[in-house]
Amino acid sequence: MYIPVLNSTRQLPLIDERSIQPPLSAAYTTPNNPEPFPDMKGSHDERNGPLNKLPTELLLVILQLSLPPLDLQTLQLESCCRSYMRALLELRLVSTLWKEVVDTAPWLWAVLSSTLPLDQNITNIHRSGDWPMIIHYVGTHPLLEVPEQIASDLKFLFHIGEIHHRWQLVWFGEIGVEGVFQSLNEPASQLQTLYIHNLSVDVLQEEELLKIPEQLPSIKHLDLKGVRLSEFMSPFLGLISLELDEIRGDGIAAHWLLETVDGSPNLERLSLKSVPLRLPAPSPSDPTITHNKLRSLQIDLKGEAADFLLRHIHAPHCIHFKLVIATSRRDYDSSLILDTALQRFEPTLQEICHVAKGSSIDIEEQGVAWSVGKSANWEHTEEPFIRLAVEGPSFLSILRWIKRVVEPSSRRTVGVLHLDRGVPLGNAEAVSLLGGLRSVTTIRAIRRGADIPRMLQLLSGYNYEPFLPLLSDLYLRGWGWAPQELFTMVRARFSPLATTCSQLKIEVHDWKGTSGDSINVMEFDVDTLREIRVVKGVTVEFP
């Protein structure tokens, strides 16, 4: 029999089952979430209410569910542990029975935080017995440190160092890890989740993290930001989630990363952002690692690094896919990403698109951005989604990729084409590919240099169906073209033959020439405007 914890994905054993420890879930939530606060004096009168008549085990479940949660999300709030501890201490004041129940549940006290008074932390160490601990350290930025704060932080680090064998989840913000990991004379054998976000100017030294893999034999969830990793560090093994962000110094070797991924067959989440990768010389014999359990993949790297990983890691059952590449065409031709490196993921992306809700795409001469599904907080959602943004590929590569991947997989994509001078409307292949796209529903020709007359000419064409058949919104710069060209386009698209065109909203911006060339101020005569507005389904606005 088990007692459920605050988080529905986790369970705790009965009070007398000390041999079983609460496991971390796949979402790496933590055991309970205590938050220390100074001991409160006084107590409420003993009550003979219905809750006190419940079996002790059931009463404990109810009390646990009333406490605020502690997990990697809530631990990012500085006040989280104080809020938890305040709630726990208030429960003890309700009645003698409640106090006894709370005091005999050691896991409720298994939290230490630098935001709590030192006496409360010492009390929590004793009351939690040998239970695995949550360690929460909110460091002070070096520029804001004062002697009293430094002394308090050192005392806290000393006390947590003495019980490193009980660490289960460690959350460090703004910390140099000297004196924490470097001073350990034996592994933190129970530590499953390690979160270090070091945002200060003090860079961690290589030797401070040199022995981390050996010191963390049970590590499952690793989240490091703003740290420096040694090039001699051995790979981690058995991870469930790995997140690396803004790794400093020379970064990490690509083969070290692949060995870590390959040595973690249960890896479910991989997130790499702003990580310098030292790439090996290209070799056709490099193996591809297929991870059937990898469900969440985020790559936000430079072009060559992303290319290498996409060719060497395959996640056929991925439901969260995020790829961000910002690179100069002089440094790397990101057309290779769309043309070849992503090919192995294309069936997976199409499958996500089939089941996710909503698809939108932005197309520019300099890049493409595709968004599928809703993910306000993508790290903690179970809904499938895609976030893809690639800068630098050729316009032709973008169109070929959309035709091959996006168009067949989406029931309905809302797409925006941003027109500027770089869009090759004179290229026959580009025009042929672009004209048939059903995912382009909006054209924004606002920028200087956009060839509006050529676009209006193309939109007037008809080959089995109109050019861009599902176009519904057209935003035009208000100079550099003639109103008669717009009227010709409208008349052609809404002729009896063009059955797919049902509505078109036209907005003419800057029609007074305030941000354009005053010589080319638009003169929209009333007769032409009336003829356009008479066409059923067409609206023209001048915002």
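Residues are numbered from 1 along each chain as its sequence is written, and side-chain values use heavy atoms, with hydrogens and water left out. Because the model is predicted, local features need pLDDT of at least 70 and side-chain atom pairs count only at pLDDT 80 or more, while totals for chains, interfaces and linings use all residues.

**Helix α14**

Helices (H or I, at least four residues) and strands (E, at least two) are DSSP runs, numbered from the N terminus. Helix α14 spans residues 452–459, and its buried residues are Ile-452, Met-455, Leu-456, Leu-458 and Leu-459. Buried means under 20% relative accessible area, exposed over 50%, and partly exposed in between (1.4 Å probe, protein chains only). These residues cover an arc of only 160° around the axis, which puts them on the same side of α14; the arc is that of the directions from the helix axis to the C-beta atoms. The buried residues of α14 pack against β19 (413–418), α13 (428–435), β20 (442–445), β23 (473–477) and α15 (483–493), where contact means heavy atoms within 4.5 Å.

**Paired strands**

Two strands pair if DSSP finds at least two bridges between them. Strand β15 (residues 320–325) pairs in the parallel sense with β13 (residues 296–300) over five bridges. Asp-300 has Val-324 in β15 as its bridge partner. β15 also pairs with β18 (residues 385–391), in the parallel sense over six bridges, and there Leu-323 stands opposite Leu-388.

**Aromatic rings**

Seven aromatic pairs are found in the whole structure. Rings of Phe, Tyr and Trp (its six-membered ring) pair if their centres lie within 6.5 Å; planes under 30 degrees apart count as stacked, over 60 as edge-to-face and the rest as tilted. Two of the pairs are listed here.

| Pair | Centres apart | Planes | Type |
|---|---|---|---|
| Tyr-137 and Phe-172 | 5.9 Å | 80° | edge-to-face |
| Trp-171 and Tyr-195 | 4.9 Å | 10° | stacked |

Tyr-137 in β4 (residues 133–138) and Phe-172 in β5 (residues 167–173) are 35 residues apart. Tyr-137 is buried at 5% relative accessibility, and Phe-172 is buried at 0%. Ring pairs link Tyr-137, Phe-156 and Phe-172 into a cluster.

Trp-171 is buried, with a relative accessible area of 7%, and Tyr-195 is buried at 4% relative accessibility.
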